[in-house]
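Okay, thanks everyone for coming.

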Amino acid sequence: MKRFAAPFLAAVVLSACGGGSGGATGSAPTDKERIAALEAEGKLPKLDRSSDLKGPDLNSDGVRDDIEAILKAKYQGKQLAATVQFARSYRPVFDLPEGDRVAAQTVSNQGTRAMKCLHRKFDGETLETNPSVVSRQIVAMTFNTKERLKTYMRYNATLSGSVLSLPDGDTCEE
């Protein structure tokens, strides 16, 4: 997990910011090529980078298929359910009307419930079970392209100045 976190987050930032130069002409490889090599070596998860903001969700469970596969490979039981709930809470971000503060707050409330669930199901004793690390990884996977990241930034800008509070009780869906 430690090996996975730093290169993964760096690759997401690189891919979200665009490419590099080089590659086919014999110069240094592009960011895209470096990411592809890291994926091929198994150092980074293979993520959907299509132009579809939401990405594929063939089983219509509200979680992008590539993210769901990664979560299922890493987690089991209640931790899997909590990570899936958290990943699902971000999908509506892609449908928000720009600048709609009320709709953004509704989505944020679901995210807050999912975050509280993560904190209940992960003990935080190790990096792999730290709910803050787990949540950041899911966010990085979800908003892994330039357009997805722009959408996330607009969502956060819409929420700017909002006050959030943690919900009471058990917020886990499963």
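This is a predicted model: local features need pLDDT of at least 70, side-chain atom pairs count only at pLDDT 80 or more; totals for chains, interfaces and linings use all residues.

**Starting from one glutamine**

So, let's start at Gln85, which touches Arg113, Ala114, Cys117, Thr171, Cys172 and Glu173, leaving out residues up to four places away in sequence; a contact here is heavy atoms within 4.5 Å. Numbering runs from 1 along each chain as its sequence is written, and side-chain values use heavy atoms, with hydrogens and water left out.

Back to our glutamine. Gln85 sits in helix 4, and by helix I mean a DSSP run of H or I with at least four residues, with strands being E runs of at least two, all numbered from the N terminus. Is Gln85 buried or exposed? Its relative accessibility is 4%, so Gln85 counts as buried. For the cut-offs, buried is under 20% relative accessible area, exposed is over 50%, and partly exposed is in between, with a 1.4 Å probe and protein chains only. There's also Gly62, 23 residues away along the chain, with its C-alpha 9.0 Å from that of Gln85.

Now look at what Gln85 is touching. Thr171 is in the segment after helix 7, and Thr171 is buried at 1% relative accessible area. Not counting residues up to four places away in sequence, Thr171 touches Gln85, Arg113, Lys116 and Cys117. The side chain of Thr171 also reaches the backbone nitrogen of Cys117 at 3.4 Å. That's a polar contact: N or O atoms within 3.5 Å, where within protein one must be able to donate a hydrogen and the other to accept it, and residues adjacent in sequence count only if both atoms are side-chain atoms.

And that brings us to the cysteines. How many disulfides are there? The count is one, taking a disulfide as two cysteine sulfur atoms within 2.5 Å. Cys117 and Cys172 make it, with the sulfurs 2.0 Å apart. The torsion about their S-S bond is about 110°, so this disulfide is right-handed. Cys117 lies in helix 5 and Cys172 in the segment after helix 7, so the pair ties together parts 55 residues apart in sequence. Both ends are tucked away: Cys117 is buried at 1% relative accessible area, and Cys172 counts as buried at 14%.

Okay, zooming out for a second. The chain has seven helices and zero strands. Of its 174 residues, 43% are buried. Take the contacts with a separation of 6 or more, and 67% of them are between residues 24 or more positions apart.

What does the covering? It includes helix 3 (65-74), helix 5 (101-121), helix 6 (131-142) and helix 7 (146-159).

Next, the largest nonpolar core. It has 29 residues, and Leu71, Phe86, Tyr90, Ile138, Met141, Phe143 and Tyr155 touch the most other members. Such a core is a set of buried Ala, Val, Leu, Ile, Met, Phe, Trp, Tyr and Cys residues joined through side-chain atoms within 4.5 Å. Helix 4 gives the most to this core, with six residues. Setting aside neighbours within four places in sequence, Leu71 is in contact with Leu80, Thr83, Val84, Ala87, Ile138 and Met141.

We count seven aromatic pairs, where rings of Phe, Tyr and Trp (its six-membered ring) pair if their centres lie within 6.5 Å, with planes under 30 degrees apart stacked, over 60 edge-to-face and the rest tilted. Tyr90 and Phe143 are an edge-to-face pair, 5.7 Å centre to centre with 85° between the planes. Tyr90 is in helix 4 and Phe143 in the loop between helix 6 and helix 7, so that pair ties together parts 53 residues apart in sequence. Ring pairs also link Phe86, Tyr90, Phe94, Phe143, Tyr152 and Tyr155 into a cluster.
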